[in-house]
Amino acid sequence: MRNFKNRYYKRFRMELDLRRWSAPEVRCCSDYRLLSWSPELVEAHGEVKFLSFCDELDAVVFPCFSQQASCVRLMREIADKDGFIPEATWLAEYVGAGERLTEYCGTIQAIRVSRHKANLQNIGVTPLHRGRGVAKALLTAALAGLQQVGVSRASLEVTAENHQAVSLYRQTGFRSVKTLYKAVEPVVPANPAAAV
Ligand SMILES: CC(C)(COP(=O)(O)OP(=O)(O)OC[C@H]1O[C@@H](n2cnc3c(N)ncnc32)[C@H](O)[C@@H]1OP(=O)(O)O)[C@@H](O)C(=O)NCCC(=O)NCCS
């Protein structure tokens, strides 16, 4: 008989003191450019979020990442929030094959949670464009945007097993301040008795 108990995923809350941070010189290759926030890009952010997360561990931890429609909905909700920070929201676009064959490939957003603190949300780069410095460029642009609007502390959460993301954040200067456990309910089949 299958075990339908919750599974717990270890997550780190990480923070960065932006008063002591200065943007490094980021050399994202010239095949990419970053687009600042504009409401017409809401669907593009949602689609890139879906393509970045759908086959990853975080789509198990947060099932909404496994469907494109829920990623677009999530992006609309983020953009509608009071604390949404357009200055820290960026979309990466691949332009290496010419202006007529561009492709959106990375996303990041942030939400202000108090006067001086903001949470970074859902940085994602689509699989084909990974390992080329796109995430580093997105994160740097978002942090510079937070500084610009007077945020002094950036915070985020990351699944501990997500070594690429943890390494990206550590390298940028984030430090772990708390360990959390996220319970994930098992997907119960329509006829659980048949699942032996
Ligand atoms: C995590 C993620 C955003 C990294 O994107 P990326 O564009 O490939 O990252 P970059 O090329 O900018 O690399 C930046 C740093 O990330 C880390 N990193 C990226 N890929 C890595 C890998 N395969 N192994 C180890 N570290 C890696 C390294 O620290 C790297 O710096 P370095 O190249 O100087 O060593 C991407 O893998 C992704 O979208 N994953 C799925 C979504 C996700 O989990 N998002 C994080 C949610 S908290």
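Begin by selecting Ala92, which, leaving aside its neighbours within four places in sequence, is in contact with Tyr32, Leu34, Cys105, Gly106, Val134, Ala137 and Leu138, where contact requires the C-beta atoms of two residues, placed from the backbone, to lie within 7 Å. The model is a predicted one, in which local features need pLDDT of at least 70 and side-chain atom pairs count only at pLDDT 80 or more, while totals for chains, interfaces and linings use all residues. Residues are numbered from 1 along each chain as its sequence is written.

**Helix α4**

Select α4 next, which has 15 residues and reaches 21 Å from its first C-alpha to its last, close to the 21 Å expected at 1.5 Å a residue, the expected span being 1.5 Å times one less than the number of residues. Helices (H or I, at least four residues) and strands (E, at least two) are DSSP runs, numbered from the N terminus. This helix is mostly covered, since eleven of its 15 residues are buried, among them Val134, Ala137, Leu138, Ala142 and Leu146. To see what covers them, show β2 (32-36), β3 (90-94), β4 (103-114), β5, β6 (153-159) and α5, against which the buried residues of α4 pack. Just after α4, Gly150 takes a positive phi of about 85 degrees.

Move to Leu35, which lies in strand β2 and is partly exposed, with 15 other C-beta atoms within 10 Å. Leaving aside its neighbours within four places in sequence, Leu35 is in contact with Leu41, Trp90, Leu91 and Glu93.

Then select Asn122 in strand β5, which has a positive phi of about 50 degrees although it is not a glycine. Asn122 is buried, with 21 other C-beta atoms within 10 Å.

**The ligand shell**

Which residues come nearest to the ligand? Of the 22 residues around the ligand, these are Arg130, Ala135, Lys136, Ser167 and Leu168, a residue being counted as near if its C-beta atom, placed from the backbone, lies within 6 Å. The elements that give two or more residues to this shell are α1 (42-53), β5 (117-125), α4 and α5 (163-172), and α5 gives the most, with six residues.

**The whole chain**

Finally, zoom out to the protein as a whole, which has five helices and seven strands and follows the pattern β-β-α-α-α-β-β-β-α-β-α-β along the sequence. Its C-alpha atoms fill a box of roughly 55 × 40 × 30 Å, taken along the principal axes. Of the 196 residues, 32% count as buried, and among contacts between residues at least 6 apart in sequence, 74% join residues at least 24 apart.

How values were computed:
A residue is buried if 20 or more other C-beta atoms lie within 10 Å of its own, exposed if 12 or fewer, and partly exposed in between; C-beta atoms are placed from the backbone.
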